[in-house]
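Subject: Handover of a protein structure

Dear colleague,

Please find below the structure that I am handing over to you. My findings follow it, and I would ask you to read them with the model open.

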Amino acid sequence: MIDVHTHCHLGEHWGCEWHDHWQPVYGHEYPNHTPAEYDAAMNGEVDLAFVFGMRATAAGVMTPNEYVEWFCAETETETIGFMALDLADDDVMEQLADGIARGLRGVKLYPVLALFDPKDTRHDAFYQAAADAGLILLWHMGATPSPVGDLSVSNPLVVDEVARRHPGLTQIIAHLGHPWQRETMVTLRKNRRVFADVSALWARPLDGYLALARAQEWNVVPKLLFGSDFPLWTPRQAVEGLRETAALSMPGMPKIRPETIEWLVDGDPRSDLGLVAR
């Protein structure tokens with residue numbers, strides 16, 4: 001199993017954002033976890049996991065590159081560390097260079113809280129540098145419970161604009177861009193290097209079912225990637241959620257094909273993502 005969406009950040013990396021804006025919605029403190037606890041959650045079932053934190057300077061959220069580097073070095077699970085960057089930071093290019101020097105191989109971006117516009121051409125130098133370094137960009141796209149978030153920069157169609165200008169850049173739309181899953185499908189279909197993960201799809205079963213059905217209709221199932229969204233769910237819980245969502249039966253509606261779920265659970269997208277041994 002390849003899990004492209006797992007988190008390593010600590011409660012302290014949230015600043016006040018979780019306590020002020022997320023805890024009232026989710027009803028609990030942010031769950032810290034050690035590398036050993038992370039390995040236990042992966043349960044020997046995950047062959048490779050992408051690991052990242054978050055950065056949104058305007059919201060006081062920051063996971064340092066060195067923490068992600070340390071965390072990945074301490075896990076027994078095979079991991080690929082991603083730096084968490086904010087394109088609104090004046091020193092983002094220096095942070096990018098630091099992450100590359102530390103062996104991090106991707107970038108997590110969170111515009112809905114960071115409040116930058118992914119379409120802004122001022123970010124083209126960053127996108128080109130990421131492409132030249134062979135990095136993967138993973139975007140949080142879609143909803144947020146935070147009242148300070150800007151949903152106008154979180155529609156997955158913004159990724160289409162980046163892909164048009166940088167067609168060689170590998171990008172992943174997290175959460176299928178929920179609730180704009182339909183927009184995600186048309187973005188995947190037309191852009192060869194854009195993929196999407198299904199993390200949290202099962203949390204809203206109707207939307208999740210319709211998203212899988214649309215992926216089948218648009219013939220983009222091979223561009224879907226498994227993501228657990230750990231620590232909110234373990235990989236095993238995520239698989240159970242996917243299977244339960246796929247089993248929903250709606251008269252007159254298409255069924256979710258078994259091979260769709262098998263691809264997500266057992267497929268190996270590493271070559272499609274340009275991942276090679278280093």
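I begin with Ala 41, which is placed in helix α2, the helix made of residues 35-42. Please keep in mind throughout that this is a predicted model. Is Ala 41 buried or exposed? Ala 41 has a relative accessible area of 15%, and buried means under 20%, so Ala 41 is buried. Apart from neighbours within four places in sequence, Ala 41 is in contact with Phe 230, Thr 234 and Pro 235. Thr 63 lies 22 residues from Ala 41 in sequence, and the C-alpha atoms of the two are 21 Å apart in space.

The protein as a whole

The secondary structure of the protein amounts to 11 helices and 10 strands. The radius of gyration is 17 Å, close to the 19 Å that the globule rule gives for 278 residues, so the protein is as compact as a globular protein of that length. Of the 278 residues, 56% count as buried. Among contacts between residues at least 6 apart in sequence, 76% join residues at least 24 apart.

The protein exposes about 11,700 Å², and carbon and sulfur atoms supply 52% of that area. As for charge, there are 22 positive and 39 negative side chains, and the centres of these two sets lie 10 Å apart.

The nonpolar cores

Which residues touch the most other members of the largest nonpolar core? They are Val 107, Leu 109, Phe 126, Leu 137, Trp 139 and Leu 224, in a core of 73 residues. Helix α9 gives the most to this core, with 5 residues. A second, separate core holds 15 residues, including Ile 2, Val 4, Leu 138 and Ile 172.

Leaving out residues up to four places away in sequence, Leu 137 touches Val 107, Leu 109, Phe 126, Tyr 127, Ala 130, Leu 169, Thr 170, Gln 171 and Ile 172.

In helix α7, which covers residues 157-165, the buried residues are Val 158, Val 159, Asp 160, Val 162 and Ala 163. An α-helix has 3.6 residues a turn, so residues three or four places apart point the same way. Against which elements do the buried residues of α7 pack? Their partners are the helices α6 (124-132) and α8 (181-190), together with the strands β7 (136-139), β8 (170-173) and β9 (194-197).

Helix α9 comprises residues 205-217, and Asp 207 is found there. The relative accessibility of Asp 207 is 31%, so Asp 207 counts as partly exposed. Asp 207 and Trp 180 are 27 residues apart along the chain, while their C-alpha atoms are separated by 9.5 Å.

Backbone features to inspect

Most residues other than glycine have a negative phi, and most peptide bonds are trans.

A cis bond joins His 178 and Pro 179, with omega at about 5°, and Pro 179 is in the loop between β8 and α8. The bond from Phe 230 to Pro 231 is also cis, with omega near 15°. Pro 231 lies in the loop between β10 (224-225) and α10 (235-246).

Where do positive phi values come in? Ala 200, although not a glycine, has a positive phi of about 70°. Ala 200 sits in the loop between β9 and α9, and with a relative accessibility of 11% it counts as buried. Asn 219 likewise has a positive phi, near 60°, and is a residue other than glycine. Asn 219 is in the loop between α9 and β10, and at 65% relative accessibility it counts as exposed.

Lastly, Ala 247 is placed in the loop between α10 and α11 (258-266). At 59% relative accessibility, Ala 247 counts as exposed. Pro 258 is 11 residues from Ala 247 in sequence, and their C-alpha atoms are 9.4 Å apart in space.

With kind regards

How values were computed: Residues are numbered from 1 along each chain as its sequence is written. This is a predicted model: local features need pLDDT of at least 70, side-chain atom pairs count only at pLDDT 80 or more; totals for chains, interfaces and linings use all residues. Side-chain values use heavy atoms; hydrogens and water are left out. Helices (H or I, at least four residues) and strands (E, at least two) are DSSP runs, numbered from the N terminus. Buried means under 20% relative accessible area, exposed over 50%, partly exposed in between (1.4 Å probe, protein chains only). The radius of gyration is taken over C-alpha atoms; the globule rule is 2.2 Å times the number of residues to the power 0.38. Contact means heavy atoms within 4.5 Å. Accessible areas come from the Shrake-Rupley method with a 1.4 Å probe; for residues, only the protein chains shown count as cover. Lys and Arg count as positive and Asp and Glu as negative; His and the chain ends are not counted. The place of a charge is taken as NZ of Lys, CZ of Arg, CG of Asp or CD of Glu. A nonpolar core is a set of buried Ala, Val, Leu, Ile, Met, Phe, Trp, Tyr and Cys residues joined through side-chain atoms within 4.5 Å.
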